[in-house]
Each structure stands twice: as structure tokens, then as C-alpha cells.
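Here is a walk through one chain and the side it turns to its partner. Have the sequence and the model open while reading.

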Amino acid sequence: MEGVRSMKLTRQSRIPIYTAVVFVCVMCPLSAEAHLNSTGMGPIYDGLMHFLMSPEDLVPVLALALLSGLRGATYGRRTLFALPAAWLIGGLVGLAPLASNGNAIISALWFLLLGGLLAADAKLSLRVTTALAVLLGLYHGYLNGAGLGLSFSSAAVLLGLIFAVFVLIALAASFVVRLQASWARIAVRVAGSWIFASGLLLIGWAVRGAHGRAG
Amino acid sequence: MSMKPDQPFARWSGVLAVILFWTETAFAHVQKGEAAGFLSGLKHPVSGLDHVLAMVAVGLWGAQLGSPAIWVLPVAFPMVMAFGGMLGLMGVPLPGIEYGIAASAILLGMAVMFELRPPLAIAAALVAIFAIFHGHAHGTELPPGQSGLLYSMGFVIATGCLHAVGITIGTVHRWGWGQKFLRLAGAVVTVGGVFFMWKAFAA
């Protein structure tokens, strides 16, 4: 009985201490930084979010991942490693001060090429798929690097970006690899036709913009 | 009668996907009208009844014709429609757009109403020709300050979804009453097309 009473007393005697700790925590909060316009999310997350918020980067990667998935697990695995690696190399090259910006027509051509191949369910060889992954990675990585410019955090931004590329390919390709039903595979091809269609319109926008500037 | 282990997973994934895609846009910090660009594109094909009738009719006809037309027509339409949109954006003129759009509703509605079964190439060509008119009319109407790419993507996705609506409705074709219902739907599309043709001439 004496022991139980002393335990209760001990618990009660800790309440003010807990209260003081909670009070200190409540009164000394870190700034929320909910609006990240000035602070950013840190370079890695900035890179990750940049990729996820940039359809001109994201859509061709998605198309190639779906195309690789349609061809099978071997193709998916090859794209999973080849594309991010090429993206990293292209990004590092793009960090050079003499790097130039991209062309909207070339971005649109990637939409057309990869969307068209996906819509046609093209039976590409592993070598050609790898070449596509490397070229796409080098080109878009280069553009991302050129956009970043050489700075202390650029490498971390690139890493975040490549991580996002890797995850997207892993999710999309593995999702498609396990599809057996013909209607599901056709649905993936329909997505390819949408990407192709968006590419056509993107060419139109690029030409219109060029005419507008010339005018 | 035991349920496969991946069935509940698939079902719950479907429910989760619906919930996720049902959410309203946050519009917290939109860069250069990007979210607005996508939503504008998404709403655009739905905003004109003449477009809606024709695009749903493509899905209905595809469902009537069965495989492979059921997916060839909805794949052909957005691609050629985007080609028409590209022509419009480049400033290539296309005469009689409104007549072409109205004619698409009339002819596609009649194809559904009479359950016409031409060879696949002819059906695809007919759909593709009309798609150019729809694309030309739509492609150039980006609200200022919005992303052209996201507008285009929303526009294409909405078009594809309208075809999907038509295909889904068209699945009733397997039943006798469903075949009559589809023919009636084709008649409604045709009447709508005649109305829009009359409006085009009156304008």
C-alpha cells in the first residue's frame, strides 16, 4: 500500500514538469514555413518537385516507362537504370556555364515519338529501348542542368530530380508489366495516343509562339 | 467461392483512385495559370454540346462495331483532332468548321442509328476527317496566360473521356433492348446535329 501511494505521488509530482515541457514546446514553435516561395523545400525536394510539376519532363518519361512495361520486365529494368543514369550525366554536362536552353519543338518531338511508339505498341528491341532511354535522359538532364546553372545546391537538386525519375519509372513500368488483360494493355496504348496528340498540339503552340515573337 | 487475394486490393485501389481524382483543386500557388490551363482544357470539349454529341457518338459507334473498332476509333479521333488543332494553331485556315462539326454529329448519329458496319478503314477515315474540324475549332481557344501544354493535355484527356462515356453506354449493345436504346441515342445525336447545322446556316 505504501509503495502504490508513493508511485501515485511520483506521477502527480511529474505533472508540473510535463506541463512545463509542453508549455515550452508550445511557446517556442519553429516557424511553419508553409509558403515556400522564399525558402524552398531544400534542394533535393526542389528537384523532386520540379520533375513532378513539369509535364514536359514527366510525360516523356512516363511514356517510355509504359512502353518498357508493355515489352516486359527486362525492358522495364533496363529503362529503370539507364534513364536516370543518362539524366544524371546530361544534368552534370548541362551545369556547364556555356549550356543553352532547349527547344519546344524538340520536346514536342519526344511526345510524338514516345507517344506514337506506345500507341502502336511498337515491338522495339532491348537495344533500341536502351538507346531511347539514354537519349531522353541525356537531353532532358541537359536541359535541367542548364536551367539550374552551376551552384552549391545544383547537384542535390539533380539528385532529387533523378530520384523522382527513378520512382516514376519503377511505379509505371511495374504497373504495366503485370497487366494481362487485353483491355488493360489497350488502355495503356490509348494513353500513348493522348501523349502523341498532346505532342501535336505542343508543336502548334511552339510554331504559334515563334510566329508571335517574329511578328 | 473463395475470393482471390488481389480482388479486394483492386477494388480498394479503384475506390481510392476515384476519391483522389474527385478532389477539388487547391489553387494554393499556381504558377503562370498552370492548374487553370489544365482545367480549361479539361472543360473545353465538355462546354459545347455539338462537340459532346459527336465525341460520345464515336464511342457509341465503336461499341456497336466491336473489336477492334471499339478502341481504334477512340484512338484515331484524339490524334487526328490534335492534328486539326495544330493546323489551327499554325494559322492554317479551314473553311466551314461549324458545318463540319454539325455534319459530324449528323453522320455519326446516323451511323449509330442505322448501326452501319463499313470496313474499319472507312469508319476510321470518317471519324478522322470530322476530328480535324473539332480540333481546329478547339485548339486555338487557349485563355491568355495559361500553359499551352497543360491546356492541350486537359483537352485531349477530356476528349478521350467523352469517348469512354460513349463506349460505356455502348456496352448495353449486348442486350436486345440495349441495341434499340443505342439506335435511339443515335437518333438523338442526329437531331442535335441537324439543330447545330441549322444554327450554322442561320449565323
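Along its sequence, chain B runs α-α-α-α-α-α-α-α. That corresponds to 8 helices and 0 strands, where helices (H or I, at least four residues) and strands (E, at least two) are DSSP runs numbered from the N terminus. The model is predicted: local features need pLDDT of at least 70, side-chain atom pairs count only at pLDDT 80 or more, and totals for chains, interfaces and linings use all residues. Residues are numbered from 1 along each chain as its sequence is written, while chains are lettered from A and ligands numbered from 1 in the order in which they are written.

Chain B has 203 residues, of which 45% count as buried, meaning that 20 or more other C-beta atoms, placed from the backbone, lie within 10 Å of the residue's own. Of the contacts in chain B between residues at least 6 apart in sequence, 88% join residues at least 24 apart; a contact requires C-beta atoms, placed from the backbone, within 7 Å.

H4(B) has 22 residues, and 18 of them are buried. From first C-alpha to last, H4(B) reaches 31 Å, close to the 32 Å expected at 1.5 Å a residue, the expected span being 1.5 Å times one less than the number of residues. Just after H4(B), Gly91(B) takes a positive phi of about 90°.

Where chain B meets chain A, 23 residues of chain B are in contact with 20 residues of chain A. Helix H4 (69-90) and helix H7 (148-170) of chain B each supply at least two residues of that side of chain B. The largest share, 12 residues, comes from H4(B).

How values were computed:
Two residues are in contact if their C-beta atoms, placed from the backbone, lie within 7 Å. A residue is buried if 20 or more other C-beta atoms lie within 10 Å of its own, exposed if 12 or fewer, and partly exposed in between; C-beta atoms are placed from the backbone.
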